[in-house]
Amino acid sequence: MDSREQVFKLRSIRRTYQVGSELVHALDGLDLEIYDREFIAVTGTSGSGKSTLMHTLGFMDSPSSGEMFFEGKDVSRINRSARARLRATRIGFVFQSFNLLPKLSVLENVLLPLVYGRTRMENKKELGMAALERVGMEHRSTHRPSQLSGGERQRVAIARALTNRPRLILADEPTGNLDSKNRSRIMDLFGSLLEEGITLALVTHDDEVAQYAKRRIRMQDGKIVEDDAP
Ligand SMILES: Nc1ncnc2c1ncn2[C@@H]1O[C@H](COP(=O)(O)OP(=O)(O)O)[C@@H](O)[C@H]1O
Ligand SMILES: [Mg+2]
């Protein structure tokens, strides 16, 4: 049996969208367990439900039905503010298009996740600089995102995902806009986060990227059809 702590348990999760008169089953009875310090790559063809799964795990979207446990607690039917709180404090997100705000400096972008908290400004800056150091971008703290390369922008986005010291990082095609050199750099960075105790789940359609993960899951039609969990 597995003695590691369970981060997520999903049971018969469905997420259905109504599009006109048609029902789209983005997640169609999905079961999944995620354990502490796992590094999971989620693959599958376009439309198989990968992003919907990431949004569900990140409390950005609610399942239409099914059971969901986070750190052993039933979160299937928690309200909006409880979801927002978990999203802001326990989860870090990384996106394919980086999603940095162009008018803010690198440091200001990294501090964005702290706006909801009560952290004092000096402490915020310290946390932000520490996050930038972890990704090797502290020397660019006053730059604007437009002054950085794609790989550097993604490192800043990862720093932003780290500011709140999340339990879990969710990344949807984080290397999709990067060349191969930056791709391996970002994947090495994810590998080092794992060693620091973070649990990781990332979506990719790139087999090379998936090889960095310890566990590979393949989705099809809103279900998991392959899982090489040890
Ligand atoms: N907001 C939405 N409204 C309607 N259908 C959606 C919405 N989001 C996703 N879908 C549909 O759900 C299915 C899964 O989408 P998605 O999770 O984005 O897949 P993937 O990330 O694997 O490409 C697709 O058929 C998609 O068209
Ligand atoms: Mg997607």
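Is Arg 215 buried or exposed, and at what relative accessibility? Arg 215 counts as buried, at 4% relative accessibility (buried means under 20% relative accessible area, exposed over 50%, partly exposed in between, with a 1.4 Å probe and protein chains only). This is a predicted model, in which local features need pLDDT of at least 70 and side-chain atom pairs count only at pLDDT 80 or more, while totals for chains, interfaces and linings use all residues. Residues are numbered from 1 along each chain as its sequence is written, chains are lettered from A and ligands numbered from 1 in the order in which they are written, and side-chain values use heavy atoms, with hydrogens and water left out.

**Salt bridges**

- The whole structure holds 17 salt bridges (a side-chain nitrogen of Lys or Arg within 4 Å of a carboxyl oxygen of Asp or Glu).
- Arg 215 pairs with Glu 38 at 2.7 Å, N to O; the two residues are 177 residues apart.
- Glu 38 is buried as well, at 6% relative accessibility.
- Arg 215 also forms a salt bridge with Asp 227, with the closest N and O atoms 2.7 Å apart.
- Asp 227 is partly exposed, at 36% relative accessibility.
- A network of salt bridges links Glu 5, Asp 36, Glu 71, Arg 90 and Arg 167.

**Ligand 1**

- The residues that surround ligand 1 include Tyr 17, Val 19, Lys 50 and Thr 52.
- This shell comprises four nonpolar residues, seven polar and one charged (Ala, Val, Leu, Ile, Met, Phe, Trp, Tyr, Cys and Pro count as nonpolar, Asp, Glu, Lys and Arg as charged, and the others, Gly among them, as polar).
- A polar side-chain atom of Thr 52 lies 2.5 Å from an oxygen atom of ligand 1.

Key: Near = heavy atom within 4 Å. Polar contact = N/O pair within 3.5 Å; in protein donor to acceptor, adjacent residues only side chain to side chain. Helix = DSSP H or I, 4+ residues; strand = E, 2+ residues; numbered from the N terminus.
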